[in-house]
Amino acid sequence: MNNPAPLTAETLPAPVLAGRDFLSNLDMTAAELRTVLDTAHSMRRGEWRNVKPLAGLSLALVFEKASLRTRTTFDVGMYQLGGHAITLSNTEIGLGTRERVSDVARNLERWVDGVMGRVYLQQTLHELADHASIPVINGLSDMLHPAQLLADYQTIEGEFGPDLRGRRVVYIGDGNNLANSHIHMGILTGTDVTVVTPVGYEPNAGVLMDAVRAGVGVTLTHDLAAVEGADVLYTDVWISMGQEAEADIRRRAFRGYQVTPEMLETTAPHGIFLHCLPAHYGEETVPEATEHPKSRVFDQAENRLHAQKALLYHLMGGMTPRW
């Protein structure tokens, strides 16, 4: 196969999310998601190396929670697209303590062209978005992790192609922000989403209602047999940041829900294993699973860079540098 021709400033696709916020995967339509993922695949193939569509633009990275992948990929992504990122820890900002969230938003909008927030509460992102005239991106909240899901579905498409209708995506573990965002992506892509949790750890009721309103079925079960035949098996930590006080209770509740090589052998022969990382080895999974032939965990981590670059381009690509 011939290598695709590199893009030029004249052949770039039109930004489809220009100037909007991205707080949930449902902030884009299925068609817009298709364009963003096509761009992510194109970026991974190296077709954007000769263009700098975000030259002169800046992105504020606001962190209440620690980060490896989110911090690195948004920063490097802005650099590769010709822009600049500035990292702001909560020690420096004090969202809602040192300064009102609305005041932080009104300050940042006068200096930078976009804000990415990795925060404890979804409401913090909505408050930032309500008071800033620039795009606000959800880099993680208690409710959702939509940027992660863009990378996840880029990885899944890399394995199965762009038509994912009917593919079985089985999420096992805590019904947390990742489980919620998987449900949203099922709405957009037509995947058959199953969430396997212990009793009392199901996904958010409001997110389940999103699926009901969209006319999309989601399977909720406590039965580990649901893993069998999965095209994609996905897990996340049992104890997220801020839940340390519940650690012992959660470990007891999730006993038996650990993804092991033996569990992976029950998925479809072509099935793959994904984990958003970091992994708490010995809890939700083991090293032998992330290193298993079915694992695509580190491809998935790489795709955080490509998928988020695509998102940044489609949100900010039409902006004129203010200086």
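1. Two strands count as paired when DSSP finds at least two bridges between them, and this criterion applies to strand E8 (residues 232-235) and strand E9, which run parallel and are joined by four bridges. Within this pair, Thr 235 stands opposite His 275 in E9. The model is a predicted one, and the points that follow should be read with that in mind.

2. Strand E9, which spans residues 272-275, is covered on both of its faces. Ile 272 and Leu 274 are buried on one side, while Phe 273 and His 275 are buried on the other, so that His 275, the residue opposite Thr 235, belongs to a covered face under the cut-off of 20% relative accessible area that defines burial.

3. A separate point concerns the open sheet of four strands, whose order is E2-E1-E3-E4 and whose pairing is parallel. Its edge strands are E2 (84-89) and E4 (136-140), each of which pairs on one side only. On average, and with direction ignored, neighbouring strands of this sheet are turned by 20° against each other.

4. Inside that order, strand E1 (residues 58-63) pairs with strand E3 (residues 114-118) in the parallel sense, over five bridges. Phe 63 has Arg 118 in E3 as its bridge partner. Helix H5, made up of residues 122-131, lies across E3 and E4, and runs at about 165° to E4.

5. Is Asp 113 buried or exposed? This residue lies in the loop between helix H4 (101-108) and E3, and Asp 113 is buried because its relative accessible area is 5%, where burial requires a value under 20%. Leaving aside residues up to four places away in sequence, Asp 113 touches Gly 56, Leu 57, Ser 58, Ile 134, Pro 135, Met 316, Met 319 and Arg 322. The C-alpha atoms of Asp 113 and His 84 are separated by 10.0 Å, although these two residues are 29 residues apart along the chain.

6. Tyr 120 lies in the loop between E3 and H5. It is classed as partly exposed because its relative accessible area is 36%, a value that falls between the limits of 20% for buried and 50% for exposed residues. Together with Leu 121 and Met 241, Tyr 120 forms a nonpolar patch on the surface, and the accessible area of these residues together is about 260 Å².

Key. Residues numbered from 1 in each chain as written. Predicted model: local features only at pLDDT ≥ 70, side-chain atom pairs only at ≥ 80, totals over all residues. Heavy atoms only, no water. Helix = DSSP H or I, 4+ residues; strand = E, 2+ residues; numbered from the N terminus. Axes fitted to C-alpha atoms, helices over the stretch in contact; angles between N-to-C directions. Contact = heavy atoms within 4.5 Å. Buried < 20%, exposed > 50% of the residue type's maximum accessible area, 1.4 Å probe, protein only. Patch = residues over 30% accessible without salt bridge, like charges linked within 9 Å, V, L, I, M, F, W, Y side chains within 5 Å. Areas by Shrake-Rupley, 256 points an atom, 1.4 Å probe, with all protein chains shown as cover. Salt bridge = Lys/Arg side-chain N within 4 Å of Asp/Glu carboxyl O.
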